[in-house]
Amino acid sequence: FGINYELAKKTTLRYSKKRIFVRVKKGLYFLAETPPSEFALANKLYQPSYISFETALSFYGIIPETIYEIISATSRARREFKIGGLKFSFKTIKKECYLGYTSQKIKNETILIAEPEKSLADYLYFVSLKKRELSYERINLGKIKKQKLINYAKCFQNKKLLELIKELYHD
């Protein structure tokens, strides 16, 4: 707006007190009247990141469960935030595996979200590391392109992950 830092700081504080702005964290605010979606908020909360794991799997209908946590992949250190009673988790993946996400328009917002195969690869990678449990027996593999999943899994260079995918398709 062409104003100096001190004036911007005072204005932001004043509008936050009047509940016109909602402070998410230092330097990140949104208009109370038009809050962003949970996915858009996750994308802005910690960057770089994209929606993945169970959150994306549920979004695509690959698992039938509703997820009450927004889980994203990041190439930075692991983080968690609690905002308005909702948990936002950011799981670290290797920089060379930070791929396989797209920019999608969801409810007039542009969201970075993993492709279905990448979200499953990210999730299964953490299962192979024993950082998550394979707790979804009803994975809809009909929505997954097997070869694409395997290609994403290969970037993790983890034999247990590839064995896990074989088991998943064997059953």
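Cys 97 and Cys 155 form a disulfide, with their sulfur atoms 2.4 Å apart; the criterion is a pair of cysteine sulfur atoms within 2.5 Å. This is a predicted model, where local features need pLDDT of at least 70, side-chain atom pairs count only at pLDDT 80 or more, and totals for chains, interfaces and linings use all residues. Residues are numbered from 1 along each chain as its sequence is written, and side-chain values use heavy atoms, with hydrogens and water left out.

Helices (H or I, at least four residues) and strands (E, at least two) are DSSP runs, numbered from the N terminus. A search of the whole structure finds 1 disulfide.

Is Cys 155 buried or exposed? Cys 155 is buried, at 18% relative accessible area, and Cys 97 is buried at 0%. Buried means under 20%, exposed over 50%, partly exposed in between, with a 1.4 Å probe and protein chains only.

Contact, meaning heavy atoms within 4.5 Å, between helix 4 and helix 5 is made by Glu 117, Lys 118, Leu 120 and Ala 121 of helix 4 and by Lys 148, Leu 149, Tyr 152 and Ala 153 of helix 5.
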